[in-house]
Amino acid sequence: FDTQEEEGGWLVWLLRAGEQPEELRLVQDNQLTITTNRAALAAGIVASAGVGIRTAMHLEDSPLGRKQAPVPWRMLRQLLSPCQRKEIWASALTDMPGRSSTVNTVHLKRSPDRAKAEDVSGCLVVQLALQLATLPAEPLRHPVRPFQVQFEGEDEVSRDVRRCPRCGTLFERMAGCDTIACCQFGADGCRGSRCPHPGGCGHRFSFSESLAVAPFQQAMQGSAADLEESAITFSVPNSQCSGAPCRDTLLLDPQPQGVERGTARELHVGLGRLFGVVLRASGGDASLCLPVAFNPIMWRRLMGQQLTMEQLALADTPGCQSLGQLEKLLDAEAEFEAAKEFLPCATQNLKGEAVPVPTPRGSDGTLATLDDLKQFIAKAKAIRLAEQDAVVGAVCQGLRQVVPLGALRLLFEPAEVEEMVCGESRIDAQLLVKKTKVTGPCSEVVALHAKMLSTWLEGADVEHRRAFVKFVFGRQRLPSGDDWRMEVFVKEGPGFPAARQCSTQLQLPQYETYEAFAADLQAAITASEAADAAGEPAVGAAAVAAA
């Protein structure tokens, strides 16, 4: 059977074979006749799928994937259960040659000044990635001890004191507070990326979770904070567009400020190796993940899949819509003639920078014909779709030195790999309700408001749930592990929803109708997001109660 056929070839044939009668007679070129039943055929298909994936791993191992029409090997994973895919993945990790018992030590230095500097060269994750990029790859393949971490100039501290994982600032726990913000304003007063963070770096962490966190885990947590809060990454254009998808996601900056061009590639190779370490070492341990909200287009390219303009819109809806408006002029010559002197000569990249598009132009510098416009659109699309290729290619180069990249691509979807590297991103409404304790003046009020909150959470989409978690918890994702809870306190009298992020408490006035509750809660979340963006204390409906 021809595996190169666009329709899927023999894979489609095998999938359809299950629709046939119980007894099947399979004939290939009138030379081979096999009589079997459906159960035996299904077992054979599953076994063949595992062999096929193992055989085809090397075909999907290039950093940026295959640009031609993909061979339908990825269809094989549809025939395998999640457990079977994990078994093949574990076998591929074990079979990757060169695992070493040697453990290298990474030396890191952290301080609030380094964490807050606009020049990212001193950031914890930059120090870590650049050192990982130069280490031998074999020790990094160790599933338990890929490398050791030593923080320079830091002494042991007592159990009542914690260090900020990102900058090393010491904190002593205050009664009732578990969420710590590395900032003089505290967890409730710190206003995110626009806050000056006096006395610290602004990183938020759990005091109780950090009880048994070793230097290795501290380095991972600090690196995740750097990826979210420093200039190593940038917010996608959709973050400025109300109603656009994936507004709270990030992309890696191809050229971070303060990092030389050659060093930037080395940095991204080191980040790829760090991703590989997480894939090997986490084993379901959430403390080893990098909880960063990267945009889906990065994971799709990392998995070797080509982008379309519809997928690029997950990061830049306005930019894709602009090119779509230009395409409409191809069918409206009169409108083109009237507008051509105003048409652009460049396109904007994901960072909002103008990128020239080389196309033929008239003597007045405008697009002279519809063919010129067509060329401009085609080249602009090619530029936009390839924007992240250099940085993702470098990340893949480092990743494939630690894990079998081809096996990763054949066995998992991009969203599954994101969860393996960054942890669970889905906000489970039922889990959140289960972990919520509601208190109030009487049992009837408690039951009513518990039902209102449960209804709102279960009816909210992904974006609204994430916004709610950020409003109450001060973070994008739910805490790891099982030792956490959210408190809801219903007070007597009127007022507005407010959050005490240091104790993950939502304070509510009494409501008589669900409609009033939902409107006020959404208004509070929206106002809090606006205050975060402006770097100002929240007021009015989104007032965040002082601890």
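1. Buried here means under 20% relative accessible area, exposed over 50%, and partly exposed in between, with a 1.4 Å probe and protein chains only. By that cut-off, 48% of the 547 residues of the protein are buried.

2. This is a predicted model, in which local features need pLDDT of at least 70 and side-chain atom pairs count only at pLDDT 80 or more, while totals for chains, interfaces and linings use all residues. Residues are numbered from 1 along each chain as its sequence is written, and side-chain values use heavy atoms, leaving out hydrogens and water.

3. The protein has 21 helices and 16 strands, taken as DSSP runs numbered from the N terminus (helices: H or I, at least four residues; strands: E, at least two). Arginine 280 sits in helix α9, residues 261–281.

4. Arginine 280 is buried but has no salt bridge (a side-chain nitrogen of Lys or Arg within 4 Å of a carboxyl oxygen of Asp or Glu). The nearest side chain of opposite charge is that of aspartate 95, 9.5 Å away; Lys and Arg count as positive, Asp and Glu as negative, and His and the chain ends are not counted.

5. What does the side chain of arginine 280 reach at 2.5 Å? The backbone oxygen of valine 402 lies at that distance.

6. The structure holds 8 aromatic pairs (rings of Phe, Tyr and Trp, the last by its six-membered ring, with centres within 6.5 Å; planes under 30 degrees apart are stacked, over 60 edge-to-face, the rest tilted). Phenylalanine 294 and tryptophan 299 form an edge-to-face pair, 6.0 Å centre to centre with 75° between the planes. Ring pairs link Phe275, Phe294 and Trp299 into a cluster.

Definitions and conventions: Polar contact = N/O pair within 3.5 Å; in protein donor to acceptor, adjacent residues only side chain to side chain.
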